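Please view the sequence and structure first.

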Amino acid sequence: MPALCLCYEVHEPYTLRHYTVFDMGQNSIYENDDRNCDILLHTARTCYLPMNDLLLKLIRRYGKDFRLTFCISGTALDQFEQYAPEVLESFQALAETGNVEFAAETAPHSLAFLYSREEFIRQTEEHARRVKKLFGKKPTTYRNAELVYNNDMATCLGEIGFKTVLAEGAEHVLGWRSSNYVYTPMNEPQMRLLMRNVPLSTDIGRRFCDQSWDQWPLTAEKYASWIHGMVDAEVINIFNDYHVFGYRNPASSGIFNFMEALPGAILANPNFHFATCAEIAKKIPPVAEIDVPQFMSWDDAGRDLNAWLGNDMQKDAIHALYKLTDRVRAIDSPILKRDFERLQTADHFHNMSTKWFTVFSPDRPNPFPGPYDAYIAYMNVLADFEMRVTAAEAEMGIQEDKASKEEHERETHKRTKAHEGEPRTTRKKAAARPRATRKTTENKA
C-alpha cells in the first residue's frame, strides 16, 4: 500500500530594518517590527488560520486515515507568540488529534551545520525541546532549513537521537533511482532518509496558479489520478512551504477547495493511504543507501547552496557572523544569544544573492531594494552586535585568548573550504575584508 506523506515547512523570518552606520553604537534595534507584525498577521488571516481550520475539519471527517507532518521554525513560533497566539493555538489543536507529527530543525532556521557542529546541535536540541513542550511529543524526524543536507549531517543527527531525516529528491543524487522509496543515509543503517518527490511537490507549490501550464487547472481528481498511477511506489513525499495555501496561491485560485477534496480523492483507491514521516520510517523498510557527499538543498536552480552562499558578500557576512560564536556563547546574556541566533536565519543571506536565476517568492520578497543594500544593512547590524559583545566581555572581565581565536578561525576556514569547494585564497580574501571597505561601499550607496 503506497503511503502519501505530506510535510509542510512553516517559517517566518525576522526581517532586518535599513540599519545604517549612523545607527551603530546609538541603538541596537535591528528588526523591522512593524513589517514583521504586518506580514505575520496577513499570513495568519490568509494562510495559517483558514488552512489549520480546514485540516482539523478533514481530520474529523477521515479520522486516522488522514495524517500529515509539520516543521515549524523557532522564529515562526516566536512570532506566533508575539503577534498572533491564536495561530499557535490552532497548531496545538491539530497536535491534540494525534494525526499530526511535528518535526525538528535548527531553531532560527539557520545554516549552522556548515560552520559549527556544536552550534547546530545546540539549536536543534533547543528546538526539539520546544516542540515537545508546545505539542506534547519529542520529535524524531528532522528537516533542515531549505532542505540542506549531506551525509555528515545524517551522522550527526543519528548521534543525537533522530530516526528520520528529510532531503530533496535531486536528480544528480538519485540518478536512475526514484524518490518514491525509503532509503538510509550513507553509513547510517539505523536512520531513514525520505526524499521529496519534486514534480508532484512543484505542481502544488509552483504551478498551481500558472495558467500557461498545460495541466492548469489542477483538480484534486486529476492530482489523485497521477498518484494512483504510481502503483510501484512505496512512499510519495510531497514536501512544500505551508504558504502555498492562501498566500502564494490565494483562496480565489481554488487551493482550499483542492485541498479539501484531495484526501477523499486519494482514499478512493483503497491501496493508498496517508502517513506521517515517523510512521513511514517505522513501517516501510529501506531499499538502499543514498550517498550525498556534497551539500544539496531544494533551491530551484541547482539544488545547491548558491542561493545563500554564492557570492563574496554572502560568504563575508556568514563568516564574520560565525567567528563570533565562541565569544557569544561565553557570555551570560540571553538577549545577545537571541540576537545572535536570529542573525543566523538563512533568509538574511538569501537576500544578498546576486544570481540572475534567484527567485524571490511572492510570500517572502526581498525586504531591501537589492542584494547590496541587504549586505550593507546586515554588516552594519553585525558591527554593532560585535561592539555589544565586546562591551559585555569587558563587563564580565573576559580576556580573549588570541591563540585560541586564531586556531578557531583556521578550523572554520578549513571546514567552509571543504563545504563550498572554493580556493583557499578566495576564502581568505573574503573573510579578511577590512571593515573600512564596507563603510566605503555604504557611503557610495
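The sections below cover the basis of the model, its strands and a pair of helices.

## Basis

This is a predicted model, in which local features need pLDDT of at least 70, side-chain atom pairs count only at pLDDT 80 or more, and totals for chains, interfaces and linings use all residues. Residues are numbered from 1 along each chain as its sequence is written, and side-chain values use heavy atoms, with hydrogens and water left out.

## Strands

Helices (H or I, at least four residues) and strands (E, at least two) are DSSP runs numbered from the N terminus; strands pair if DSSP finds at least two bridges between them. An open sheet of 3 strands has the order 4-5-7 with parallel pairing. Its edge strands, each pairing on one side only, are strand 4 (141–142) and strand 7 (192–195). Strand 5 (residues 164–167) is joined to strand 7 by 4 bridges in the parallel sense, and Val165 has Leu193 of strand 7 as its bridge partner.

Strand 2 (residues 68–72) also pairs in the parallel sense with strand 3, over 4 bridges. Phe70 stands opposite Phe102 in strand 3. In strand 3 (residues 100–103), Val100 and Phe102 point one way and Glu101 and Ala103 the other; all are buried (under 20% relative accessible area, 1.4 Å probe, protein chains only).

## Helices 12 and 16

Helix 12 (residues 312–322) packs on helix 16 (residues 371–396) at about 15°, with axes 10 Å apart; axes are lines fitted to C-alpha atoms over the stretch in contact, and angles run from 0 to 180 degrees between N-to-C directions. The two helices are therefore roughly parallel (under 35 degrees).

Residues in contact (heavy atoms within 4.5 Å) include Met313 and Asp316 of helix 12, and Tyr372 and Leu382 of helix 16.

Methods. Angles under 35 degrees count as roughly parallel, over 145 as roughly antiparallel, 65 to 115 as roughly perpendicular and the rest as oblique. Buried means under 20% relative accessible area, exposed over 50%, partly exposed in between (1.4 Å probe, protein chains only).
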